[in-house]
Amino acid sequence: MNELPIVVTCTDRKASPPAADLQARTLTAANLPQRAEEWAHRLRTTPGPHTPLEDLYRGDQWKRALALTHAASQAGFTPRLYAASAGLGLRPVSSPAPSYAATFLPRHADSVASSSAQTSQWWDHLQRLDGTHNLPQIAGTAGRALVVLSAPYAQAMHHDLLALADTATDVVLIGGATDIEGIRRVPANAGLRHALGGTLTSLNVRMAASWLEHCTPGRLTDPPAQVRWDDWASQTARPERYDRTPVTNETVIAFIKEAKSTYPDASRTRLLRLFRDKGMACEQKRFADLYTSTIGR
C-alpha cells in the first residue's frame with residue numbers, strides 16, 4: 001500500500017468563529033496542568049456543530065497542505081494527512097471538531113503557553129485527549145512519515161519527534177526547530193520562496209511538495225533523491241531582497257484596522273508579516289507601538 005503519513009500544522013483561520021469557551025484567552029486556571037484540564041473539559045462539553053478538520057481550517061497554507069496528498073500520490077504513496085493542533089493534538093483531517101482558537105505562536109492572544117518548555121508540556125496533555133494519534137506509532141506502522149512543522153510547533157512536539165527518531169523509520173522533517181539525530185531535516189529556506197511562490201507562512205508546505213516531486217517514486221528518501229534536491233535547492237535559492245516602500249503611520253493604522261477585521265484572531269506578529277508581504281516597510285517596534293495604540297495589547 002506504501003502508506004505515507006503526512007503531518008502538517010493547523011491554521012488560525014477557521015470556517016466559523018469559535019465560541020468564547022473555546023478561545024484559549026478565556027482560560028482561567030493559573031497553572032498549566034489545570035488550564036489543560038479546563039480546556040479538555042470545554043472540548044468535551046461544548047455542543048456542535050463539529051466540522052471535519054479538512055473543512056474547518058482556511059487560508060493558503062491550508063490549501064497547500066491539502067494539496068500535499070495529491071503530490072504524495074503522484075510520488076507513488078498512499079497519503080494519510082494529519083493536523084497538529086495546539087487545541088486538539090494530532091488528528092486525522094477527517095476528524096470532526098468544533099471551531100476553536102489556540103496556538104503555540106508566542107505573543108498571540110490565544111497562545112496556550114509562554115515558553116517552549118510549557119508548549120511541550122501542553123502538547124503532552126493534549127495527547128491524552130480522546131481522538132488524538134501517536135506520531136511515533138503511526139510512522140512506525142507505515143515505516144515512514146513526512147512531517148511539516150513550523151518552529152513553535154516542532155518545539156511543542158519535541159518529545160514526539162525524539163520518540164519518532166528512535167523508531168528507525170524513514171522520516172523527513174520539513175522546517176522544524178532543530179536537527180534531531182535519526183530524522184532527515186530540511187530547514188525552511190526563504191531563498192526558495194521566489195521559485196515556490198507564496199508567503200513565508202506557506203513556505204514549509206510548498207517545500208514539502210517540492211521534496212515529493214524530487215523523490216524516487218515510492219521512496220521518501222534515498223541518495224539519488226537527496227542529490228537531486230540538494231542540486232536543485234543550491235541552484236535555485238536566492239537571498240531574500242526586501243525592496244519595501246516606506247509608508248506613513250496613517251497607512252499602517254489603516255492596514256491594522258482592516259486586517260484585524262478580516263483576521264480577528266491574528267497576532268500582531270502575523271499582521272506585520274502580512275503587511276510586509278504586501279511590499280510595505282515598517283520597523284517592528286514602530287508597528288508594535290501603532291498596533292497597541294490602535295487595537296491595544
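**View 1. R58 sits in a loop between two helices.** This close-up of a predicted model starts with R58, in the loop between α2 (53-56) and α3 (60-74). Helices (H or I, at least four residues) and strands (E, at least two) are DSSP runs, numbered from the N terminus. R58 is partly exposed, with a relative accessible area of 40%; on this scale buried means under 20%, exposed over 50%, and partly exposed in between (1.4 Å probe, protein chains only). Leaving out residues up to four places away in sequence, R58 touches T11, R13, K14 and A15, where contact means heavy atoms within 4.5 Å. Along the chain R58 and K14 are 44 residues apart, yet in space their C-alpha atoms are 5.3 Å apart.

A word on the numbers: residues are counted from 1 along each chain as its sequence is written, and side-chain values use heavy atoms, with hydrogens and water left out. Because the model is predicted, local features need pLDDT of at least 70 and side-chain atom pairs count only at pLDDT 80 or more, while totals for chains, interfaces and linings use all residues.

**View 2. T9 is a buried residue of strand β1.** Look for T9 in β1, where its relative accessible area is 7%. The T9 side chain makes a polar contact with the side chain of Q61, at 3.1 Å. A polar contact is a pair of N or O atoms within 3.5 Å; within protein, one must be able to donate a hydrogen and the other to accept it, and residues adjacent in sequence count only if both atoms are side-chain atoms. Setting aside neighbours within four places in sequence, T9 also has W62, A84, V148, L149, S150 and Y153 among its contacts.

**View 3. L173 is buried in strand β7.** Strand β7 covers residues 170-175, and L173 is one of them. How much relative accessible area does buried L173 have? The value is 2%. L173 lies 26 residues from V147 in sequence, but their C-alpha atoms are 4.8 Å apart in space. Beyond neighbours within four places in sequence, the contacts of L173 are V147, L149, I183, R184, R185 and V186.

**View 4. T132 leads us to helix α5.** T132 belongs to the loop between α4 (116-126) and α5, and at 17% relative accessibility it counts as buried. Its side chain reaches two backbone oxygens: that of L129 at 2.9 Å and that of Q127 at 3.0 Å.

**View 5. Helix α5 has a cap at its N-terminal end.** The cap is N134, with a side-chain oxygen 2.8 Å from the backbone nitrogen of Q137. Within α5 (residues 135-142), the residues L135, P136, I138, A139 and A142 are buried. What covers them includes the strands β1 (3-9), β3 (78-85), β4 (89-92) and β6 (144-149), plus helix α7 (158-165). After α5 comes G143, with a positive phi near 85°.

View 6. Two packed helices are described by the angle between their axes and the distance between the axes. For α9 (residues 203-214) and α10 (residues 223-236), that is about 130° and 9 Å; axes are lines fitted to C-alpha atoms, for helices over the stretch in contact, and angles run from 0 to 180 degrees between N-to-C directions. The pair is therefore oblique, since angles under 35 degrees count as roughly parallel, over 145 as roughly antiparallel, 65 to 115 as roughly perpendicular and the rest as oblique. On the α9 side, M207, S210, W211 and H214 meet A225, Q226, R228, W229 and W232 of α10. These contact residues divide into five nonpolar, three polar and one charged (Ala, Val, Leu, Ile, Met, Phe, Trp, Tyr, Cys and Pro count as nonpolar, Asp, Glu, Lys and Arg as charged, and the others, Gly among them, as polar).

**View 7. Helix α13 packs against α12.** Here α12 (residues 268-277) and α13 (residues 284-294) pack at about 120°, with their axes 11 Å apart. R268, L271, L272, F275 and R276 of α12 meet Q284, F287, A288 and Y291 of α13. Sorted by type, the residues of this contact are six nonpolar, one polar and two charged.
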